[in-house]
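Hi everyone, thanks for coming. Let me put the structure up, and then we'll walk through it together.

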Amino acid sequence: MRVRVHQHVNPLAPYYRFVPQPFEIENVFASPDLPLLLDIGSARGRFLLKMAEVEPQWNFLGVEIREPLVVEANRLAEENNLTNLRYEFCNASFALDKLLINLPANLLQMVTIQFSDPWYKKKHAKRRMVTSDLVATIVGHLKISGRIFIQTDVDFLAEEMFTVFRGNADLSEIEIAENPFPVKTEREIAVEEKGLPIYRRIFEKSGS
Ligand SMILES: C[S@@+](CC[C@H](N)C(=O)[O-])C[C@H]1O[C@@H](n2cnc3c(N)ncnc32)[C@H](O)[C@@H]1O
């Protein structure tokens, strides 16, 4: 049975301004030294569930603001004996830096942000997840040549997100037409079934 949740939660509400325990990778994954993929806004976590099965040489961490989805997704990961997958309850806008504070350098190789923001109205713009602070946190942990994959079906949100990522001097932009992953998210499948366009980019961390 699928757990029932609010369709959206307000990330600015006091309840969601909590500081999570730091993510201790050594205590979580069977092989903590594997490259790490972080999916921000993992929802029911089905993208990572399949990715963890088909890519056993990677570790996968999902971050999601709706706690019941995190509990359900971790239950499914355990039932499937996946020792390279974990989901964490975290408001990424407020506390991703605190969650990742103990993450060893050079493990984070890929970040995905997929159909993240339901906040289309101007009056809700402050609730949107992708800000220059979030990008700085991601880039601070990302390995050199590590990549961020972003996709959404909302054209003006895509442009807004791409602009924020372009504003980070350590990133270079790569245009892509197709999703490079072997697995699609639930939202991506729904959008494709309706025949709607999807806007995608990769940003890569430069440096040597
Ligand atoms: C439209 S859903 C897309 C889910 C999934 N990525 C997909 O493509 O099917 C967006 C997800 O991002 C989560 N989200 C939104 N703001 C968030 C935040 N500040 N921190 C963590 N998760 C957030 C929402 O709760 C929701 O599950």
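Let's start with Asn74, which lies in helix α2, residues 67–79; helices here are DSSP runs of H or I, at least four residues, numbered from the N terminus. Before going on, please note that this is a predicted model, where local features need pLDDT of at least 70, side-chain atom pairs count only at pLDDT 80 or more, and totals for chains, interfaces and linings use all residues. Residues are numbered from 1 along each chain as its sequence is written, and side-chain values use heavy atoms, with hydrogens and water left out.

Which residues does Asn74 touch, not counting those up to four places away in sequence? They are Arg86 and Tyr87, where touching means heavy atoms within 4.5 Å. A polar atom of the Asn74 side chain lies 2.9 Å from the backbone nitrogen of Tyr87. Leu108 is 34 residues from Asn74 in sequence, and their C-alpha atoms are 20 Å apart.

For Ala92, a backbone N or O atom lies 2.9 Å from a ligand nitrogen. Over at Arg187, a polar backbone atom is 3.0 Å from an oxygen atom of the ligand. Taken alone, the ligand exposes 600 Å², and the protein buries 90% of that, by the Shrake-Rupley method with a 1.4 Å probe.

Technical notes. A polar contact is a pair of N or O atoms within 3.5 Å; within protein, one must be able to donate a hydrogen and the other to accept it, and residues adjacent in sequence count only if both atoms are side-chain atoms. Helices (H or I, at least four residues) and strands (E, at least two) are DSSP runs, numbered from the N terminus.
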